[in-house]
Amino acid sequence: MGCTEKPMKVALAGNPNVGKSTLFNALTGLHQHTGNWPGKTVGKVSGETVFQGRKIELIDLPGTYSLTGASEDERIAAEFIASNEADCIIAVCDGSCLERTLILALQILKQTKRVVLCVNLMDEAEKRGIQIDRELLEKLLKIPVVFTSAGRKEGLETLLERTQEVIGAVGAFHEMEPLTKAEELANRCVRVEKPEENWRKVLDRVLVSRRHGMPVLLLLLLFIVWLTVWGANYPSQLLESLFYSGYRLLIKWSGNWPWWLSGTLIDGMYMTAARVIAVMLPPMTIFFPLFTILEDVGYLPRMAFLLDKPLCRCGGCGKQALTLCMGLGCNAVGVTGCRIIDSPRERLMAILTNAMVPCNGRFPTLILLGSLFFAHGCAPLVVALCIVLGVLGAMGTSGLLSRTALRHERSTFVMEMPPFRRPRIGQILVRSLLDKSLFVALRALTVAAPAGVLLWFMANTSLLGRLSEILEPVGRLLGMNGIIILAFIMALPANELVIPVILMAVSGVGTLVEAQDTSILLETGWTWKTALCTMVFTIFHWPCSTTLITIYKETKSTAKTAAAFFLPTAVGCILCLMLNLILQSFGS
């Protein structure tokens, strides 16, 4: 049946972690559109569905705790609701903690009566012995109340049916204090048949305690890094083998091409893009699902709470911890994640320092140098120590910025502690693989392929050697050499290219295919001191081009993007200079 009436516009509003996105996905399926709100950097997601022959446009408002706050998310939600653009607002609450999540719904009711209260996560509530009197709640609020379990797709048809009841409703509840009213409604309508399980309370006390929480966090970080490093080895080798098979077929097929054309397109563009994908994609497809699992079970807010105090001392807040963790997978994703930080100055500070946390693209360099020049078999530990160094560098730089260029008053930090939940594996795979891994890989390809042409041209002319000679004094000053500095510059499109470029330069070959023997580093004068300075500079140097493009899109400022380029580079140069002087003094 076709849509015969005017499309109905319905907005979903609710706190974070009430299952709003799950509900939105269940209602719209794949008919979704993403973008930004006009003039804003906060993501806008809309979708479509058809119910009883009528087209419904669904708008997923940013998750927020209040309509009266100062954050961008809160302003967008409040402005949209006040605009009366929507025919209906679905206020999504969490059935397992109704009183707290009702506060936002009641704030919405103070502005409009075109509201349906959706009490979601009822399956979680039932597991915890929570019973809610739906009819009494509906009678007291005088609006439709629907119970749903979005993960199981239960109650969705009823929800869509009842949204049509409120179209055209006028007026609002003016005489109401949301906090007091939410407590009253919860007392009258909610009954708990069994107390909360003791294991939840014990686990919460352990994870957020100053004594046990930090060791658990560090062990968890080490495990994720180890699993990412270990698990990515075989897929990376398999992809490289597949891409090399494709390379041989292309070489055979292009036998009659001019050498410069086959070199440009196959040795340059194809092999560079293939190398980036083979090295970048496997770690991301492991790290992002692991990170999303932590988010889904409810650990990330506890981690943010745990790190809030040390980050506050550095002028930041606990939410910055989440963006730093996102940066471990990809700094571009970490920069985008800074949208969750309410304070504009704290958000900018997090953006400027996010690249100091080594992303998956820097792992290959750290792993290789750690394995070649330090204890064998300890590559994951070396990488974990580098991550800790990067976090400390980001915190120290944030502290310096908060006391100088970005001085500001301390802001408040509000984040709920959601109940522990079973991870939704299907949604995790979709969100982490499609929304993050493939998105970042495709964005990296757009700059890696053209860079491959330039790299091939320089490697097959005298430019690579000449430029490395020009940069030699700078490299020696920083404890490295000109080839290493040039490799970092050439790897601006993708950090995965650092080691391949170094191998190309020291071995004198003209393609990435020939630059495979890492043992040549030991034969060309590299020492553990060279490796150590290179690892430090790997952590602290300019972001890749993908991250820089993302920073510009988030800040709309060339000056701030330039600051994000030079700030970590300055930190890296200072640290490498000091480290080189110290190592030379000990050597003498």
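These legends walk you through several close-up views of a predicted model.

Residues are numbered from 1 along each chain as its sequence is written, and side-chain values use heavy atoms, leaving out hydrogens and water. Because the model is predicted, local features need pLDDT of at least 70 and side-chain atom pairs count only at pLDDT 80 or more, while totals for chains, interfaces and linings use all residues.

**View 1. Strand β1 pairs with β4 and with β5.** Start with β1, residues 8–14, where six of the seven residues are buried (under 20% relative accessible area; exposed is over 50%, partly exposed in between, with a 1.4 Å probe and protein chains only). Strands here are DSSP E runs of at least two residues, and helices are H or I runs of at least four, numbered from the N terminus. Two strands pair if DSSP finds at least two bridges between them. β1 runs parallel to β4 (residues 54–60) over five bridges, with M8 bridging to I56. It is also parallel to β5 (residues 88–94) over five bridges, and here L12 has I90 as its partner.

**View 2. N354 sits in the loop between α14 (344–353) and α15 (363–373).** With 0% relative accessibility, N354 counts as buried. Leaving aside residues up to four places away in sequence, N354 is in contact (heavy atoms within 4.5 Å) with T323, L324, G327, N331, G334 and V335.

**View 3. F488 and F537 make an edge-to-face pair.** Rings of Phe, Tyr and Trp (its six-membered ring) pair if their centres lie within 6.5 Å; planes under 30 degrees apart are stacked, over 60 edge-to-face, and the rest tilted. By this rule there are 13 aromatic pairs. One of them joins F287 and F288, edge-to-face because the centres are 5.8 Å apart and the planes stand at 65 degrees. For F488 and F537, the centres are 5.0 Å apart and the planes at 80 degrees. This pair links distant parts of the chain, with F488 in α20 (residues 482–490) and F537 in α23 (residues 528–539), 49 residues apart. F488 is buried at 1% relative accessible area, and F537 is buried at 2%. Together with W542, F565 and F566, they form one aromatic cluster.
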